[in-house]
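Have the viewer open and follow along.

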Amino acid sequence: MHVGNYLGLARGSEQRLVDALTKVAEHHGDEPDISETCQLLASWSRKHIEHLKPLVEKYGEDKSPEPANLETALFHGPRTGSLALMRDLHDVWLLTQQVQLCWTVLEQAAQGLRDDELERVCQECGKETKRQTAFFLTRIKQAAPQALIAAS
Amino acid sequence: MKRQSRDSINDIWGERSPHGPEQPWPVRVDEALSDDPERWVRGTCVLCSNGCGLDIGVKAGKIVGVRGLATDVTNRGRLGPKGLHGWVANDSPDRLTKPLIRRDGQLQEASWDEAMDLIVQKSKQIIEQHTSLGLGFYTSGQLFLEEYYTLGVLGKAGLGTPHMDGNTRLCTATAAAALKETFGSDGQPGSYEDLDVTDCVMHVGHNIASQQTVLWSRILDRLASPNPPKVIVIDPRRTFTAEHATVHLVPRVGTNVAVLNGLMHLIIQAGTVDKGFLDAHTVGYETLKQTVEKYTPEYVEQLSGVPAAELRRAGEILAHTRTLVSTVLQGVYQSMQATAAAVQVNNLHLIRGLIGKPGSGILQMNGQPTAQNTRETGADGDLPGFRNWGNPEHIQQLAKLWNVPVNKIPHWSPPTHAMQIWRYAEQGSIKLLWIQATNPAVSMPDLGRIRRILQQEDLFVVVQDAFMTETARYADVVLPAAIWGEKTGTFTNVSRTVHISCKAIEPPGEARSDLDIFLDYARRMDFRDQDGQPLIKWHDSESAFEAWKECTRGRPCDYTGLTYEKLLAGSGIPWPVNEQHPDGTVRLYTDFVFPTSADYAETYGQDFDTGAAVTAEEYKANDPKGKAMIKAADHREPHEVPDDEYPLWLTTGRQVYHFHTRTKTGRSKELQDAAPDAFVQLSPEDAERYGIENDDWILVESRRGLVIERALIGNIEPGLVFIPWHYGSWDDPSRPRAANELTITEWDPVSKQPHFKYAAVRISKYDAKAAMPQGLLGRAVEAVQGLVSGEAAPATVGSKAQGPQPKTTQRVDG
Ligand code: SF4
C-alpha cells in the first residue's frame, strides 16, 4: 500500500507552500493585498497539515524528498520588481497545483479504501487549495499586462 | 439683506414635522440668503449623497443663497447646514482661475492651449513608449453623470486603459460590491420612501444624523409621529444617531460580521425565517444557517464585546418586525471584511423576506453625492450600464455602441482599483496620473506614502480642481475647474433618484467645466471610431446625457425614459425610467426577480476572503436565474490589532459640518467656525490613565505617522480613539493633523475599499518638546515639511513655528 507515500507527498507539498507563501508575504509587503492574502492562505495550508496528522498516524508516512526538490523546481523567489512579483505569483500558483493533485490522488484512494475520514479531509482541504489557486490566477491576470508591457 | 429660515448650525435638523400613518412627509422649506435674488435657478445639493433638491438664488452674476425645493421627493424643501452654507465656496477669493504649469519647480500661469497641449504631448509620448497602460485617472464623487460618462468613454474606448477609478473607491465601492454579490447588480433595492412607513430602522456603521442630516430629519419626524419605528444602531461610538436608538450595539471595531451573524442566529432560533420566500426566491440559505449556528450571543460577546443581552434585545426586534429598512455606511465599508459584512445585512433581509415591499428595503448607502454615477458610467472602473467585465457579450454591446473594436476596451481582468493605480504609480509603470476634483493627499490612507508618490520625479501629475488643494500643490499641471452652480448636469442619489443641477452663474476667470476639459482632451487626442468619425459625438451636457441614455438601454439602470425637461419639471425621478416605467421606479424587486441570471448579471462574484473571481463557467454551472444569492461569511480578525507598543484602536469618521477634505465647506465661514479643527476623542477612562484633560494637546502615533490634536473626552468606549478625517494642511500647515497620516494601506479583497476604520495607535500628552522621545521631533518636523512641500508654503507657516496653538474650542460633534 502506497497511501503513506502520497500522504507524505501531500504534507511535504503543503509545507513547501506554507514556506513559499510566507516568503512572498514578507517580501512583497508593499503589495498589501498579496502580503495579507498570502498570510491567510498560509494559515489554511497549516491547518491542512494538522488535518493530515491523524491520517499519517493511521497509514504511516514515507518521507519523500520530492516536495523539497519540487520547491527548488517550482519556486525561485522571492524576487524584486513588477515582473518578479509576476514570477513569484506564477511559481506559487504552480505549487498550489501540486498540492491540488495530491488531494485528488488521495481522494481516489480514499474512495477505494472506503475511508470516509480521508475522503472528507481531501475534499475540504482540496476546496481551499482551489481557492488558493483561484486567488493567484485572478491576481496574475490583473498584474500580467502591466508587468509585461508597461513596467520597466 | 441676510435672511435664513433657521440657525442650522445650532439647530442641525430643524423643527419636527410629525405625520400620521399613510400621510406623506410634510413640506418644510429651508433657506439661507445673503441678498434678495433676482432669479432662481434649479439646482441639487452636492454636499452629501442625499442629493436634496433646491433652487439657487442669483443676483448680479453671483450666487446669493439657496432655498429647498418644496416639490422634491428627497427633501420636501428641507436643507441641512452644509446645503444652507456650502454655496459660499463658489465665490471664494482663492478660486483657481487660470491653468498652471510647473516651470523650474514653481507652478506658473499658462494658457489653456499650453496646458492642454502639454498634457496631450505627455499622453502621446507615454502611449508611444509604454502603451496607454502608462496613464491613470483618479476621479471624484463630485462630478456630474455626463462628465463621468465622457471620461469613461475616452478612457475605455479612446485610450483603452483599465486604470480608471474614483475616490468613490474610498467611500462607496463596498455598497456596489455588496449589492452585486447578493442581487447580481448594483442598484438600491429600497427607497427613502420606505423610511416613512417602516416599523424598524437599522443603521449599521452609519452615523446618519451627522452624514445625511436631511435624511435623518425624515427619521426624526417618524420618531415624533404617532407610530414611531424602532431604531437599532450598530456603532462603536455614541453618536447623535445612537442617542436615538432603541438598542445601540457597541462592537469593537472590525467585528461587524460576528455581530450580524449573531443577529441572524437569533432570528433563525426564533423560528421567524420566511421559508416560503427563501425557497422561491433565494439560493444559499443552508450554508448560511450552518455558518451562523455557532454565533450564539455568548460567542458574539467574546468576539465583539457586545453584551449577549443587548444582542438578544436587537435580535428579538429583528425576528419579529413586520417591516425593516437597513442602512449601511463607512463603519462597515471601511472596516475589516467590508463586503462580507455588508452582504450579511442583505442576508438578514432575505431570510425574513423583508425586501421589495413598502417599508422594507436595504440602502447600501453612498458617502459621496455622485458616487452612484461613477459606478453607473464606468468612471470608477466598472463597465458602463452595470455591464459585466467577465461577459464577452456585454463588452460586445459597448463596442457596438461606441463603434470601436472589441479588443480596444480593456476587459482582461477587473479594472484597476484606486489603491493599485497608486501602487503602479509608486513603481513607476503609471507615468501620468490625472486627478479630478478630489484630494488624495488628505483622503487616502498612509499619507506619507501618498506624498512620496506625488513627488516622484517620473510621475506627471495633472490636477483638475477649483482650489489649490493639498494635492494640487504637487501637480505638474493644474486645470481650473468650474463647480456646482457653474455648470449643468445630472446626478443620482442613494434612492436611485436622478436630479438635474443647472448652471446659475459663470465660472470665475478662465475656469472650465470638467465636461469641457474632457471633450477638449478627446478632440486634441483625436480619438476616432472605426469609421474614422470622432469617437465622442456629443458637445454639451444635454447631448452627453442623450448618449448615456443609449448606453443604459435594457440595463438595470435604464435612463431611456428621462429627459432634461422631465427632470426640470418639479422633482427628481428614480431609475429605471423607460417605456414600462415612465415615471420611474420607487422600489426595485417588487416581483422578487433579481438580476442574477448569468447573461444579465453585473458580476459572477468573488471570494469574500481572497477576492478571487468566480469564473463564467462556475457561475453558469449554478446559474441562480433570478434568485437572490445568500452568501455566508465567518468572522476574521482585523489585520492590525493593538499591542504593547500601540495599545489603542484608532477609528476615523465625519462631522456634520464638513464634506470630504473641506475644500468647499472649509471656505464657508459658518461651517468652518462650527467645526474649525480636528480633535482626538477618547474615553474618560483612557484620559485618566494618560493624565489627559479636555483640550490638552495630544500626540497620536501609528506605525506610519503621527498627528497632534486636541483632546475631546467622552462618548466613546475605552480603548478606542476617534479623529475626524476632514482636516488637511491647506489652512493650517503648522502641524500634522490629517487622520490619514495614521491609517493603514489595506483594503477589502472584494470591493478594494481601504480599511480606514481601524489602526493601532499610541497616545501621549504633547506639551514640552524636551519631553519628546528621541527621534520624535525629527519625525514631527519631517511630517510638517511633507505637508508644505510642493508649491510654496502658505504664509501662515512661520508664525506658527512655536508649535500648535489652539484655535477655537471645538463643538462636541456626534
Ligand atoms: S442632507 Fe446632504 S444633500 Fe441635503 S442639504 Fe444636507 S448636505 Fe446637502
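Chain B and chain A bury about 2100 Å² between them, with 51% of that area on carbon and sulfur atoms. Keep in mind that this is a predicted model. Chain B puts 25 residues into the contact and chain A puts in 23. Polar links are part of the picture too: 12 residue pairs are in polar contact across the two chains, both partners at pLDDT 80 or more. On the chain B side, helix H16 (residues 418–427) gives the most, with four residues. Sort the chain B residues that touch chain A by type and you get seven nonpolar, 12 polar and six charged.

Side chains of opposite charge can pair when their charged atoms come close. Between chain B and chain A the count is three salt bridges. One of them joins Asp609(B) to Arg131(A), with the closest N and O atoms 3.0 Å apart.

Now move over to the ligand. Which residues are around the ligand? They are Cys45(B), Leu47(B), Cys48(B), Asn50(B), Gly51(B), Cys52(B), Leu79(B), Gly80(B), Lys82(B), Gly83(B), Thr213(B) and Val214(B). Two elements of chain B each give two or more residues to this shell, namely helix H1 (81–85) and helix H6 (213–223). By type, the shell splits into six nonpolar, five polar and one charged residue.

One of those shell residues, Cys45(B), also shows up among the contacts of Trp484(B), so let's look there next. Trp484(B) sits in the loop between strand S18 (477–480) and strand S19 (489–492) of chain B. Is Trp484(B) buried or exposed? Its relative accessibility is 9%, so Trp484(B) counts as buried, the cut-off being under 20%. Leaving out residues up to four places away in sequence, Trp484(B) touches a list of residues that includes Thr44(B), Val46(B), Leu54(B), Ile56(B), Trp87(B), Ser501(B) and Lys664(B). Pro507(B) is 23 residues from Trp484(B) in sequence, and their C-alpha atoms are 9.5 Å apart.

Asn373(B) has a relative accessible area of 0%, which is why it counts as buried. Neighbours within four places in sequence aside, Asn373(B) is in contact with Leu145(B), Tyr148(B), Phe491(B), Thr492(B) and Tyr559(B).

Back to salt bridges, this time within chain B. Over all chains, the count comes to 68. Take Glu114(B) and Arg103(B), whose side chains meet at 3.5 Å, N to O. Glu114(B) lies in helix H2 (residues 112–130) and Arg103(B) in strand S6 (residues 100–103), so this pair ties together parts of chain B that are 11 residues apart in sequence. Both ends are partly exposed: Glu114(B) has a relative accessible area of 39%, and Arg103(B) has 29%.

Compare that with Arg169(B) and Asp165(B), a salt bridge with its closest N and O atoms 2.6 Å apart. Here both Arg169(B) and Asp165(B) are buried. Then there is Lys765(B) with Asp696(B), at 3.5 Å, N to O. This pair links distant parts of the chain, 69 residues apart: Lys765(B) is in strand S28 (residues 759–765), and Asp696(B) is in the loop between helix H24 (684–689) and strand S25 (697–701). Lys765(B) is partly exposed, at 39% relative accessible area. Salt bridges also form a network that links Arg662(B), Asp677(B), Glu709(B), Asp731(B), Asp732(B), Arg735(B) and Arg737(B).

Most residues other than glycine have a negative phi, and most peptide bonds are trans. The bond from Trp575(B) to Pro576(B) is cis, with omega near 0 degrees. Pro576(B) is in the loop between strand S21 (573–574) and helix H22 (616–621) of chain B. Tyr589(B), found in the loop between S21 and H22, is not a glycine but has a positive phi of about 60 degrees. Tyr589(B) is buried, at 9% relative accessible area. Asp695(B) has a positive phi as well, about 75 degrees. Asp695(B) lies in the loop between H24 and S25 and is partly exposed, at 27%.

Technical notes
Residues are numbered from 1 along each chain as its sequence is written. Chains are lettered from A and ligands numbered from 1 in the order in which they are written. This is a predicted model: local features need pLDDT of at least 70, side-chain atom pairs count only at pLDDT 80 or more; totals for chains, interfaces and linings use all residues. Side-chain values use heavy atoms; hydrogens and water are left out. A residue is near a molecule or strand if one of its heavy atoms lies within 4 Å of it. Ala, Val, Leu, Ile, Met, Phe, Trp, Tyr, Cys and Pro count as nonpolar, Asp, Glu, Lys and Arg as charged, and the others, Gly among them, as polar. Contact means heavy atoms within 4.5 Å. Buried area is the accessible area (1.4 Å probe) that two parts lose on being put together, summed over both. A salt bridge is a side-chain nitrogen of Lys or Arg within 4 Å of a carboxyl oxygen of Asp or Glu. A polar contact is a pair of N or O atoms within 3.5 Å; within protein, one must be able to donate a hydrogen and the other to accept it, and residues adjacent in sequence count only if both atoms are side-chain atoms. Buried means under 20% relative accessible area, exposed over 50%, partly exposed in between (1.4 Å probe, protein chains only).
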